[in-house]
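Hello,

Here is the structure I promised to pass on.

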Amino acid sequence: MGYSSYLCKHCDHGIMDAGSTDEGINEWMAHAVMMSDNGSRLIEPEYGGYSGDYERFDLWAHFACWELAGKPEFGAYDGLSKHDPDQGGGSFRGSHDMIDPRIKDEAERARLLAAGIKLRDERRYNHNAREVHEWMDKEDREYHREKFNGEMFRFRYTYSNCYDKDDEGEYTKREDRFAIYDKLDAERDEVTFDGTEEELKAHLSALWSAFLESDEHAAYLAHREAEIAKYRAEELEKYKIEGRFNITYGPKRDADDKEIWPVHQVDDQLQYRTDQEWFHGDGSKTRCMAKAKLLNEAWAAAGYPREFDHELFVEKVYRPLADDEESDE
Ligand SMILES: [Zn+2]
């Protein structure tokens, strides 16, 4: 994450990539002012991504810090900006948890910081719950069983060899010390393991087994299930009002992308499926709308069940309109 970036001349925190900031805590760190000795200046409201434009500037500051300092010119600074070791990256271990310096009231600053951290914690928990839920999904596990060669701990843990650095600055790979990365706790301090790779794998397998049995694991799954149930209930209410079946248009085209045949189809938005029956030819839109309307009415009459065998319904009830009834568009 992050890109090449510089440290602010005022506060020594990096100019952050807008996508790496934390809502309510440090978005202001992505609002940058860049200057060069020829007097040119660029104000970037949401720094992020690489732009060749940035290379012209070697003095960077957060807009907020620059504004508080009275918007000084290039010549007022004692030197150029230093490279940001975090490369504009995120709030690693909370090291950039700082409220906009233009907000002066200490109580307000404390309140904003607490609210921002709470929001970030909730988001991380939701993200973790979603991850764990996906790991437990059967199809996903079968796919990964092959991919991971049966080492299911790889859902959660990855590792890499540690290196020794000698006096000449040369690096040597070690086969007896490894760094472990935990996807559910990406920001914790680095954890190392001393032993062979086989011993490490046995260690991680044991951690994974314990995790599967833990209350933490059960809580993640329950949290995600509740989220899904809530989403599904909202979705159902929406389709009760707007209609579950709608129509989409996808004409047949020739090699030159010219429309040669209008095609409409009925979509079941609740089950993400497209009806097998496509309506093509003249008056396809009228036929398609008639079918979607009938299906919505029948679904309502059945009491809005999630499972709804509309193919059967169509066979029984739906009658294609005769050609002389068509009035497309
Ligand atoms: Zn600053």
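First, confidence. This is a predicted model. The mean pLDDT of the chain is 87. Of its residues, 88% reach 70 or more.

Next, the nonpolar cores. The largest one holds 19 residues. Which of them touch the most other members? They are Ile 15, Ala 32, Val 33, Met 34, Trp 60 and Ala 61. Three elements each supply at least two residues of this core: strand 1 (32-35), strand 3 (59-62) and helix 1. A second core is separate and has 6 residues. Phe 245, Val 266, Cys 288 and Trp 299 are among them.

Back in the largest core, take a look at Ala 61. Which residues does Ala 61 contact, leaving aside neighbours within four places in sequence? The list is Cys 8, Lys 9, His 10, Val 33 and Trp 66. Val 33 is also one of the core residues named above.

Now two loop residues with positive phi. Neither is a glycine.

- Lys 71 has a phi near 50 degrees. Lys 71 sits in the loop between helix 1 (63-68) and helix 2 (106-136). Lys 71 counts as exposed because 12 other C-beta atoms lie within 10 Å, and 12 or fewer is the cut-off for that class.
- Asn 149 has a phi of about 55 degrees. Its loop runs between helix 3 (138-147) and strand 4 (157-165). Asn 149 is exposed too, because it has 9 C-beta neighbours inside 10 Å.

Last, Leu 270. Where is Leu 270 placed? Leu 270 lies in the loop between strand 10 (263-268) and strand 11 (273-280). Leu 270 has 19 C-beta neighbours inside 10 Å, so it counts as partly exposed. A residue needs 20 or more to be buried.

Which residues does Leu 270 touch, not counting those up to four places away in sequence? There are Glu 235, Tyr 239, Arg 244 and Arg 306. Glu 307 is worth a look as well: Leu 270 and Glu 307 are 37 residues apart in sequence. In space, C-alpha to C-alpha, Leu 270 and Glu 307 are 9.3 Å apart.

Best wishes

Definitions and conventions:
Residues numbered from 1 in each chain as written. Predicted model: local features only at pLDDT ≥ 70, side-chain atom pairs only at ≥ 80, totals over all residues. pLDDT = per-residue confidence, 0-100. Helix = DSSP H or I, 4+ residues; strand = E, 2+ residues; numbered from the N terminus. Contact = placed C-beta atoms within 7 Å. Core = buried A, V, L, I, M, F, W, Y, C linked by C-beta atoms within 7 Å.
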